[in-house]
Amino acid sequence: MRAVLSWMREFAPIEGEPDQIAAQLTSIGLVVEGVETVGSSWDGIVVARVVALRPHPEADKIQLVDVEAGDGAPVQVCCGAFNMAVGDKVPFATIGTVMPNGMEIAQRKLRGEMSNGMLCSGAELELSDDHDGIMILDPDLALGQPLATVLGVTAETVFDIDVEPNRPEALSVIGIARDLAAKQGVPFALPEPAVPAAGTDAGDVCSIRIQDGDLCPRFAMRVLRNVTNAQSPAWMQARLDAAGMRPISTIVDISNYVMLETGHPNHTFDLDTVPDGQLIVRRAREGETLTTLDGVERHLLVPDGSGIGRGLGDGVIANRDDDPISLAGVMGGFDTEISDATTNVLLEAAVWDRMSIAHTSRRLNLRSEASTRFERGVDPLGVERALDRFCELAAELTGAQIAPGVVVAEPHPIEATVVSTRVHRVNHLLGTDLAADKMIDLLSPIGFDCSPVYNNEAGAATFDVSVPTWRPDVGLEADIAEEVGRHFGYDNIENRVPVSLQAGQLSDAQSARRNILRAFAAAGCSEAMPMPFLAPGDLAAAGLGGDGLTLTNPLVAEESVLRTSLLPGLLKALAYNQHRGNHDVRLFEMGAVYLPRPDGELPDEPWWVAAVLGDADASDAVTTLRFVGAFLGLDLRVKNETRDGLHPTRSAAVIFRGKTIGEVGEVDPSAMEHFEASGRAGWLALQVDPLVAGLSSVPKAKKVSRFPTSDLDLAFVVPNEVPADAVRDSLLKAGKPLTRSVELFDVFRAESLGEDVRSLAFSIRLQADDRTLSDDDVSSARKKMIDEAVKRHSAQLR
């Protein structure tokens, strides 16, 4: 949005130098990207008349123009524009003139012809972006007059403002002036347009019917007769040029001028092309087309009933015969456009559904100043003022006769939004300590009506804010806080680090899982991350039964089965390492497995943690289990049991708190062979959730004895079917209350021991809480433990 300072000063006595004003605008969220001065370097540019036009003898793209600037002596100028006719009055930069861009005009030859000055375009005068043609002036202007004088143009300061999408009112001179006046503490006044109405009432000439109230909540019209549509006055052209819009004709220029000033787009129809002045607002229908002002035939989109996105369809304004004549809120129709011959005008201003306009303009790639404003939201109660301002200017500049009355259609009443605002909440959001009265003083100048302060049901100081209808972006308490913050000044808010109610941290479950990973890493294992996808037959080859769930769209066709165990993936990783010389690698993984459920339901996805130990056996796996249990402080027991995928006589279940939570042992040789792994491999797999639950329990403190310990070792020959844990438990029980720990430190098998037996060696620590143990104490405890092992497990002391 290009905001002209002199234009804003028509509504408020804005004070300060341009750089100070730019800083103030930026501080209230209207970021100024640049400040320009236009119309300040026109010394030497005068009004001249085209006397003659003729081709350049040596150049097709240049013509020779004779112009006369009031002294009766025409001079020749070489010009690359061809939009002039004999008699046109044009801006003529005489020799010695310094143009706004710094270029000095000098006499020079172009392809052998002398050029004695330059004819100027709007872009060269920095009035507009129009480079295509020479600027054509009012034919009534006096020759030789300085251009700045006749156009009433002085140095204009223009602020190029980046308007955020949530600030629709800032797409208008009035909106920016109101905000800036509040910032400076100067009065803001919005004069009522003076409309000299006469003749037949507008309601007898035109009518409107809205068929879709969601598309158009409000539509208003006025009628203008006996319009003279020529060039707009110089002051209006200069102001439009400074604001970045190209002047076209009086009616079009007034339309654009009012849109820039009020922020409310309007549209003009040639009333004589609208039968009976009847308009209908509706959605597009199947097969309809419309030729828009740019001459392009548009195929209209029909709503699909979804009510969202493209499904909204296109909105149209139709005539009495229900034929579309305008693309609602985007672009008018070709057949009803204003021309130089137009004398009667049907003027409309409406409010359109923002999403409908957005999807239509983007689908058709018809982005315009009007569609931008409708997309962001316009003031529903501002339509009459926009029409009146148009009529005021039209009566003044074209002599138009304004029909009395405004024709308004409103399917649903427009109600203001009221936001209940708690003083402490605003201060909490901003980090301030403002009183309610201060907040109200900041809100009132920008149009927010505030009730007296009261205490709500919770006893909090509160005031109700009635949001002005030109601020459709405001609807929450946080929006009110933002308005207070903007005008209090963000620079006035002390910088501080917000206090969080809960600092970022791991949950108990996350911490427990990390501890489990640390335990396996501390046991000498390296973490691996195999893919959860397996080849058909991998599970069966690993001794784990049938296949799991099959994917319909696998990443790799050869890996289409979801794993039900971590064993196949880790065996593949083990084989990969062994093939590269790393035979004794120890790998572990934590991840989900996918267990099928009946009736096609989604699978269960329990998490497991498992380790495979290269060049190791079942006893190595049990040792790793003991280490992990000790690291985590969990009592993990072993119970001999045949487990799928493990050696039938070298496997066991892992018991925790009386429940089986995993397995330990040696991988079945057939599985090793299938996955091309060599030697023997230990295996340990545990369910994660029971471990997490165990780690979540608060450990009980144990009394620490200050007396010395006595250590002894016992080795027993026991049958293979007797679990080592069973023997350990018996030794602990028999030696109570002196036994502090019983740890298995060796498993030995030999022919000399006999068949189906093995030797288990335990390290035992004894300690009393109240005394130093005597030899008799140690001997008695030793005898009780030996007797218990012999009695319960048929053990033989070695």
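Which residues in H16 are buried? The model I am reading is predicted. I find Ala 618, Ala 621, Val 622, Thr 624, Leu 625, Val 628, Gly 629 and Leu 632 buried in H16. Down the axis of H16 these buried residues fall within an arc of 160°, so they line one face of the helix. On the face turned away from the buried side I note the exposed residues Thr 623 and Ala 630.

I then checked the span of H16. The helix covers residues 618–632, 15 residues in total, and reaches 21 Å from first to last C-alpha, close to the 21 Å expected at 1.5 Å a residue.

Next entry: the helix pair. I looked up H5 (residues 234–242) and H6 (residues 250–262), which pack with their axes 11 Å apart at an angle of about 50°. The two are therefore oblique to each other. The crossing of H5 past H6 is left-handed. From H5, Trp 235, Met 236, Gln 237, Arg 239 and Leu 240 meet Asp 253, Ile 254, Asn 256, Tyr 257 and Leu 260 of H6.

Last entry: the loop residue. I located Ile 136 in the loop between strand E9 (118–119) and helix H3 (147–151). Its relative accessible area is 23%, and Ile 136 is partly exposed. I list Asn 83, Met 84, Asp 88, Lys 89, Val 90 and Gln 231 as touching Ile 136, leaving out residues up to four places away in sequence. Asp 88 lies 48 residues from Ile 136 along the chain, and their C-alpha atoms are separated by 6.6 Å.

Conventions: Residues numbered from 1 in each chain as written. Predicted model: local features only at pLDDT ≥ 70, side-chain atom pairs only at ≥ 80, totals over all residues. Heavy atoms only, no water. Helix = DSSP H or I, 4+ residues; strand = E, 2+ residues; numbered from the N terminus. Expected span 1.5 Å × (residues − 1). Buried < 20%, exposed > 50% of the residue type's maximum accessible area, 1.4 Å probe, protein only. Arc of directions from axis to C-beta. Axes fitted to C-alpha atoms, helices over the stretch in contact; angles between N-to-C directions. Parallel < 35°, antiparallel > 145°, perpendicular 65-115°, else oblique. Left-handed = near helix turned anticlockwise from the far one by under 90°. Contact = heavy atoms within 4.5 Å.
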